[in-house]
Amino acid sequence: MPELPEVEVVRRGLADHVLRRTIASVDVAHPRAVRRHVAGGPDFAARLAGRTVTAARRRGKYLWLDLDGDEGAGEQGGDALLAHLGMSGQMLVADESRPDEKHLRIRLRFDDDGPELRFVDQRTFGGLSLHPVVGPDRLPEPVAHIARDPMDPAFDLDAAVAGIRRRRTGLKRALLDQTVVSGIGNIYADEALWRARLHGERPTEKLTRAQGRTVLAAAAEVMDAALAAGGTSFDALYVNVNGASGYFDRSLDAYGQADRPCRRCGTPIRRESFMNRSSFSCPRCQPRPRSGATAIRGA
């Protein structure tokens, strides 16, 4: 699934192409694409018509468009069009004359007759839904429990480290917990752990504060590098709003590098099963924690 850099690439594209534009009409071509909008497709289309996009926002791996308020808006004065990209969802900006994509699920037309916004999803695991914004951060209701990510200007590093150390689980599992720190998925967790020279099975209760700060700083660093490269695209499903793929996969140090020499020490990268997925690490740079080992907590 797309992680923070890939979602941020899409967010920036949407900010460039749909901000301050008013939705004229919405076509829902597949009901699964609006299954999270419990009132159904007709209500979804009717409530979006006439609304103006005021911002393109993201928290962690979650993406949405803020809409101007109207009589159907939430108590705090606005709704959000939340995008669940799933495994293959794409938000594409396209001229009306361009042929429809095979897996086009939702089409948004604007009143300026400019490029339309298309939601394309081959596997139909993703979708769009409309929600009121809540809380001081004005988040869509389904996102309200999601923590800030390491690239958020308001991210509290020390609080995130404390949250990880309280989890009493493996370090990689804690990094993937979006209620502790958001935006980090399987790819960038492996990359951050490689940069920090830590194994993903290190018990969080034995993690020092210095190690926690190091791995989160590494996560921010690697995601920033991936963002500069347009994200990580392993196939044609991960693209920006213009349909272009990212190329950070060429720079990965651990993820997907099984049996290739570690760029730091030359030891072949190891692949291990992890939560029905895979983890990649260097056996020499990232030694597996010894059973029963203890660590001195750092300040």
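Select Asp253 and Arg263: their side chains are joined by a polar contact of 3.3 Å (a pair of N or O atoms within 3.5 Å; within protein, one must be able to donate a hydrogen and the other to accept it, and residues adjacent in sequence count only if both atoms are side-chain atoms). This is a predicted model, in which local features need pLDDT of at least 70 and side-chain atom pairs count only at pLDDT 80 or more, while totals for chains, interfaces and linings use all residues. Residues are numbered from 1 along each chain as its sequence is written, and side-chain values use heavy atoms, with hydrogens and water left out.

Stay on Asp253, in the loop between helix 6 (209–228) and strand 10 (270–274). Helices (H or I, at least four residues) and strands (E, at least two) are DSSP runs, numbered from the N terminus. Asp253 counts as buried because its relative accessibility is 10% (buried is under 20% relative accessible area, with a 1.4 Å probe and protein chains only). Leaving aside residues up to four places away in sequence, Asp253 touches Glu191, Trp194, Arg195, Arg263 and Ile269 (heavy atoms within 4.5 Å).

Next, show the open sheet of five strands, order 2-3-4-8-9, with antiparallel pairing (two strands pair if DSSP finds at least two bridges between them). Strand 2 (53–59) and strand 9 (139–140) are at the edges; each has a single partner strand, so one side of each lacks a neighbour in the sheet.

Now select helix 1 (residues 4–17), which packs on the sheet and touches strand 2 and strand 3. The direction of helix 1 makes about 170° with that of strand 2 (axes are lines fitted to C-alpha atoms, for helices over the stretch in contact; angles run from 0 to 180 degrees between N-to-C directions).

Finish on strand 3 (residues 62–67) and strand 4 (residues 79–84), antiparallel and joined by five bridges. Asp66 is opposite Ala80 in strand 4.

Note on methods:
Buried < 20%, exposed > 50% of the residue type's maximum accessible area, 1.4 Å probe, protein only.
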